[in-house]
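Let's take a walk through this structure together, one piece at a time. Have the view open and follow along as we go.

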Amino acid sequence: MTEDAPLIEAAGLHTYYGASHILHGIDLSIAAGESVSLLGRNGMGKTTTIRSILGLTPPRQGTVRIRGRDMTGAEPHRIAQMGLGLVPEGRGIFPNLSVRENLVMAARPAVDGVETWTLPRICDLFPPLAERLDNMGNQLSGGEQQMLSVGRALMTNPDVLILDEATEGLAPLIRRDIWAVIRRIKDAGIATLVVDKDLDTLLDVCDRCVILAKGQVAWAGTAADLRTNPDIHRRYLGV
Amino acid sequence: MTGPWPLRLTLLAAVGGLAVFPWVGDPFYVELVIHLMILGIFAMSLDLLMGYTGLVSFGHAAFFGISGYLLALMTPESGGLSIWLALPVCLAGTAVAALVVGWFSVRTSGIYFIMITLAFAQMAFFFFVEHQDFGGTDGLFVADKPFVGFGGWQLLDLRDEHSFYFFTLGLLVVTYLLLAMILRAPFGQVIRGIRANEARTRALGYPTQRYKLISFVIAGTFAGLAGFLEAAHTEYVSPSHLGWHESGLVLMYVILGGMGTLYGPVLGAFVMGLLHDQFQDLTEHFNLVMGFFVIAVVLFLPDGVAGLVARLGRARGGGPADPPR
């Protein structure tokens, strides 16, 4: 591990689901503390990129380096242990565990051994969860499930938090709460990789944007650049 | 005890009922209840795999039988072995067998896991059938019951039916408490996570295969405890103890009793065992009646007999009857 290497550095990823070629050479890197958004229409390979980085669907070509170490094709739990926390699409709460158990089972010190995020801090961050610690995972509203999913990922004390459609299907007020938390996470120095449909908020929160189209990087640049370029919105993101 | 208080009270009452039974029950039924309690331990061990880890094993009887064979083989003609030697050897032997079978099996899942565990169990079955040193199809007798003592001093005489009854009841309770403890511990949270969503659990940084293997070994070891008791009780073990029929029966106890509750599979063993006993006296076509019973439970009690108990508990105003946590 080298200290100044990016936390995540994916180069030339080619990923397949069976015979279908989904990613055609994706490059993506995230430095410590940086906030990157992954944009693109549905089916362009955003979730597949995340799955490739995490080793859940290993790429057939290309390399994934975490903290400078080649982790291509490594087992998903080893990659996760290097400080990558995932808030998956669809939340992925364990319905058969209580809220407390969902959180506590994920608890792990950070790669540098520090335990910043503990159960009391998560309760502090998400007061509704504090009132529901003994409820089972399937007894929560959609918004509470999303909070639990973010809280569970934070309990692993990650250096990068990957949020895949974290505000999908939530009421506007709860969406605002989740975004507020994402900002606080970013301010705490945790790097984030965010996939979301809410472009305005994304441009506000993130430093850099990467747009995918048909399994390739169609555009990459700073959020400020993208904001002043409505042409790019229309071409790659408009419906 | 764990779980909400109406459930705890019900379970305590059930244990209390079992504890007074030998004084009021017919000796024939005392003997039968010992057998059912042993099957209860066996079924709980499978519930750890099926109901909590999400692994459906169709070869769980292998460990039940192997433990019995170990006891039969190591007991000398001259008299009972000390239980402090016999039990650890039987448990360690089954744990090693479970480690070997599990090491290969946990790499697969779903229908393949079912087939591979069945294949291993059938290998064990034919091994004992074909080796005359191990009694072949006739099986082996256990020369004497293990000796429970300290120094030359006897603490409990297992040859006495009542003593064996309480010994088994004690181990039934201990097994329940140990498994409930394991399930509440961080390890238990992880295996329950694996059951709900293995990929998610891996993405949280857990080597799920290793956890599944440990769960498999624990389940196999408790099945070994049941097999030890069965062989010691009947003083006999045969290849049918580890056949696929036996594996299928214990699977039925777990499913009909209620997966993922621990006490449900024990209930399943009792209900199935007692019905079997009743119908056997009534008609020679008792298997037909048992078949109707199984269909009825599957149709009307999707959560097994334990689900019915929980539903009754709720109807009386008790809290939600969650599985022991």
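Before anything else, a word on pairing: two strands count as paired if DSSP finds at least two bridges between them. Keep in mind, too, that this is a predicted model.

With that settled, look at chain A. Strand E3 (residues 35-39) of chain A and E8(A) pair in the parallel sense, with four bridges between them. To find the spot by eye, pick out Leu38(A), which stands opposite Val195(A) in E8(A).

Now zoom out to the whole sheet. Six strands of chain A make up an open sheet, running in the order E6-E7-E8-E3-E9-E10, and the pairing is mixed. At the edges you'll find E6 and strand E10 (216-222) of chain A; each has a single partner strand, so one side of each is left without a neighbour in the sheet. Going from one strand to the next, the twist averages 15 degrees.

Two helices lie against this sheet. Helix H1 (residues 46-54) of chain A packs on it, touching E3, E6, E7, E8 and strand E9 (208-213) of chain A, and the direction of H1 makes about 145 degrees with that of E7(A). H7(A) packs on the sheet as well, touching E3, E7 and E8 of chain A, with a direction at about 150 degrees to that of E8(A).

Let's stay with E7(A) for a moment. On one hand, E7(A) pairs with E6(A) in the parallel sense over four bridges; on the other, E7(A) pairs with strand E8 (residues 191-195) of chain A, again in the parallel sense, over five bridges. Leu161(A) is a handy landmark here: Gly85(A) stands opposite Leu161(A), and Leu161(A) in turn stands opposite Thr192(A) in E8(A). Follow the chain onward and you'll see that E7(A), helix H7 (residues 172-187) of chain A and E8(A) make a right-handed β-α-β unit.

Phi of Asn157(A) is near 50 degrees, a positive value in a residue other than glycine. Asn157(A) has 22 other C-beta atoms within 10 Å; the cut-off for buried is 20 or more, so Asn157(A) is buried. Arg91(A), in the loop between strand E6 (84-87) and helix H3 (99-104) of chain A, also has a positive phi, near 70 degrees. Arg91(A) is buried too, with 23 other C-beta atoms within 10 Å.

Finally, hop over to chain B. There, 18 residues are in contact with 21 residues of chain A. H7(B) gives the most to that side of chain B, with seven residues. By class, the side touching chain A has eight nonpolar, four polar and six charged residues.

Elsewhere in chain B, helix H2 (residues 27-53) and helix H9 (residues 208-234) have axes that come within 9 Å and cross at roughly 170 degrees. H2(B) and H9(B) are therefore roughly antiparallel to each other. The residues of their contact divide into 16 nonpolar, four polar and two charged.

Definitions and conventions
Residues numbered from 1 in each chain as written. Chains lettered and ligands numbered in written order. Predicted model: local features only at pLDDT ≥ 70, side-chain atom pairs only at ≥ 80, totals over all residues. Axes fitted to C-alpha atoms, helices over the stretch in contact; angles between N-to-C directions. Parallel < 35°, antiparallel > 145°, perpendicular 65-115°, else oblique. Nonpolar A, V, L, I, M, F, W, Y, C, P; charged D, E, K, R; others polar. Contact = placed C-beta atoms within 7 Å. Buried ≥ 20, exposed ≤ 12 C-beta atoms within 10 Å, placed from the backbone. Right-handed = clockwise from strand over helix to strand, strands pointing away.
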